[in-house]
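Me: Please walk me through this model one feature at a time. I would like to begin with aromatic rings.

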Amino acid sequence: QVQLVESGGGLVQPGGSLRLSCVASGFTFSLSAMSWYRQAPGKERELVASIGSTGGYINYLDSVKGRFTISRDNAKNTVYLQMNSLKPEDTAIYYCHVSRYGRWGPGTQVTVSS
């Protein structure tokens, strides 16, 4: 059974940092591209970052380039999203996604506010 579980969200002041983690199980993680999406209240879910199975392909939403870094540890079946210089507009629920199986994690809330 494919499962994704996110963690690391929380409340942070503007300019702060958070590191999100997504632990995967039930499939061959090392062969699967992974992505982070986010959905703010009243808005469509959007792709934030994606990474290929070996980490050789990485893509970012324009508004997070230079601030967010996606990475993965295939030995730990985990994908990360390091978020620096956070802005109020980054406030959203962040979801981990594996497109190969069409599965989503339950999400983790990130709130950027003073």
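Me: How many aromatic pairs are there?

Reply: A pair of aromatic rings is described by the distance of the centres and the angle of the planes. The rule takes rings of Phe, Tyr and Trp (its six-membered ring) with centres within 6.5 Å; planes under 30 degrees apart are stacked, over 60 edge-to-face, and the rest tilted. The count here comes to four aromatic pairs. Phe27 and Tyr101 are one of them: the centres lie 5.2 Å apart and the planes meet at 50°, so this pair is tilted. It links distant parts of the chain. Phe27 is in the loop between S3 and S4, Tyr101 in the loop between S9 and strand S10 (103–104), 74 residues apart. Strands (E, at least two residues) and helices (H or I, at least four) are DSSP runs, numbered from the N terminus.

Before going on, note that this is a predicted model: local features need pLDDT of at least 70, side-chain atom pairs count only at pLDDT 80 or more, and totals for chains, interfaces and linings use all residues. Residues are numbered from 1 along each chain as its sequence is written, and side-chain values use heavy atoms, with hydrogens and water left out.

Me: Are Phe27 and Tyr101 buried or partly exposed?

Reply: Phe27 is at 11%, so Phe27 is buried. Tyr101 is at 35% and counts as partly exposed. Another aromatic pair is Tyr95 with Trp104, which is edge-to-face: 6.3 Å between centres, 90° between planes. Tyr95 is buried at 11%, while Trp104 is partly exposed at 35%.

Me: Which rings form a cluster?

Reply: Ring pairs tie Phe27, Phe29 and Tyr101 together into a cluster.

Me: What does Ser32 contact?

Reply: Contact means heavy atoms within 4.5 Å. Setting aside neighbours within four places in sequence, Ser32 touches Phe27, Ser53, Arg72, Val98, Arg100 and Tyr101. Ser32 sits in the loop between S3 and strand S4 (34–39). Ser32 is buried, at 1% relative accessible area. Its side chain reaches the backbone oxygen of Thr28 at 3.1 Å. That is a polar contact: N or O atoms within 3.5 Å, where within protein one must be able to donate a hydrogen and the other to accept it; residues adjacent in sequence count only if both atoms are side-chain atoms.

Me: Which cysteines does the disulfide join?

Reply: A disulfide is a covalent bond between the sulfur atoms of two cysteines. The test is sulfur atoms within 2.5 Å. A search of the whole structure finds one. It joins Cys22 to Cys96, S to S 2.1 Å. Cys22 lies in strand S3 (residues 18–25) and Cys96 in strand S9 (residues 92–98), 74 residues apart. The S-S torsion is about -80°, so the disulfide is left-handed. Both Cys22 and Cys96 are buried.

Me: In what order do the strands of the open sheet run?

Reply: Two strands pair if DSSP finds at least two bridges between them. Four strands form the open sheet, in the order S1-S3-S8-S7, with antiparallel pairing. S1 and strand S7 (68–73) are the edge strands, each pairing on one side only. Strand S1 (residues 3–7) joins S3 through five bridges, and Leu4 has Ala24 in S3 as bridge partner. S3 pairs with strand S8 (residues 78–83) over six bridges. There, Ser21 stands opposite Tyr80, and Leu20 has Leu81 as bridge partner.

Key. Buried means under 20% relative accessible area, exposed over 50%, partly exposed in between (1.4 Å probe, protein chains only).
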